[in-house]
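Please look over the chain shown below before reading on. The briefing that follows takes up a pocket, the strands and a handful of individual residues, in that order.

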Amino acid sequence: MTKAEIVNEVAKATGIEKVTVQTVLEASMESIKGSIVKGNPVYLRGFGSFIIKHRAQKAARNITKKTTMTIPAHDIPAFKPSKTFVAAVKTNK
């Protein structure tokens, strides 16, 4: 599902204009990104959490050149779904 499809679904379900829904959706995403960049996780009850995961330094190998290189430690954004979200997905097969 794309952002445009989400905007259409929300506009249809709420009766709010698509332009307004798109503005709110984009502002929400910017707010979430801004919080994560600052190092603060975002918790949405019943949906999940946007968190930062730390990846430790590790050694990687380039098979074609037969060399070893070090990948430095770094942080990545991650999404962790809530238990109710996971249960809903599991039962919808």
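## Briefing

Helix α2 makes the greatest contribution to the lining of the largest pocket, supplying five residues. The model is a predicted one, in which local features need pLDDT of at least 70 and side-chain atom pairs count only at pLDDT 80 or more, while totals for chains, interfaces and linings use all residues. Residues are numbered from 1 along each chain as its sequence is written, and side-chain values use heavy atoms, with hydrogens and water left out. Helices (H or I, at least four residues) and strands (E, at least two) are DSSP runs, numbered from the N terminus.

**The largest pocket**

- The space in the largest pocket comes to about 240 Å³, a volume being the space filled by probe spheres set on grid points that are joined across faces, edges and corners.
- On a 1 Å grid over the protein atoms alone, a pocket is an open set of points where a 1.4 Å probe fits, with protein on both sides within 12 Å along at least five of seven lines, and its lining residues have an atom within 4 Å of a point.
- The lining consists of Lys3, Ile6, Val24, Leu25, Ser28, Met29, Ile32, Leu44, Phe47 and Phe50, and both α1 (3-14) and α2 (18-37) provide at least two residues each.
- By type, the lining residues are eight nonpolar, one polar and one charged, where Ala, Val, Leu, Ile, Met, Phe, Trp, Tyr, Cys and Pro count as nonpolar, Asp, Glu, Lys and Arg as charged, and the others, Gly among them, as polar.

- Strands β1 (residues 42-44) and β2 (residues 48-55) are paired antiparallel through three bridges, two strands being paired if DSSP finds at least two bridges between them.
- Tyrosine 43 has serine 49 of β2 as its bridge partner, and the hairpin formed by β1 and β2 has three residues between the strands, with glycine 46 in the turn showing a positive phi of about 85°.
- Strand β2 is also joined to β5 by eight bridges in an antiparallel arrangement, and within that arrangement histidine 54 stands opposite aspartate 75 in β5.

- Serine 49, which lies in strand β2, is buried because its relative accessible area is 16%, buried meaning under 20% relative accessible area, exposed over 50%, and partly exposed in between (1.4 Å probe, protein chains only).
- Leaving aside neighbours within four places in sequence, serine 49 is in contact (heavy atoms within 4.5 Å) with Val42, Tyr43, Ala78, Phe79 and Lys80.
- Isoleucine 51 is likewise placed in strand β2, and, not counting residues up to four places away in sequence, isoleucine 51 touches Ile36, Pro41, Ile76, Pro77, Ala78 and Lys80.
- The C-alpha atoms of isoleucine 51 and threonine 20, which are 31 residues apart along the chain, lie 28 Å from each other.
- Serine 82 sits in the loop between β5 (74-81) and α3 (83-91), and serine 82 counts as buried because its relative accessibility is 16%.
- The side chain of serine 82 is in polar contact with the side chain of threonine 84 at 3.1 Å; such a contact is a pair of N or O atoms within 3.5 Å, and within protein one must be able to donate a hydrogen and the other to accept it, while residues adjacent in sequence count only if both atoms are side-chain atoms.
- Not counting residues up to four places away in sequence, serine 82 touches Gly46, Phe47 and Gly48.

**Strands β3 and β4**

- Five bridges pair strand β3 (residues 58-62) with strand β4 (residues 67-71) in the antiparallel sense, and arginine 61 has threonine 68 in β4 as its bridge partner.
- Four residues lie between the strands of the β3 and β4 hairpin, where lysine 66 takes a positive phi near 55°.
- Most residues other than glycine have a negative phi.
- Lysine 66, in the loop between β3 and β4, is exposed because its relative accessible area is 76%.
- Methionine 69 belongs to strand β4 and is partly exposed, with a relative accessible area of 47%.
- Leaving aside neighbours within four places in sequence, methionine 69 is in contact with Lys58, Ala59 and Ala60.
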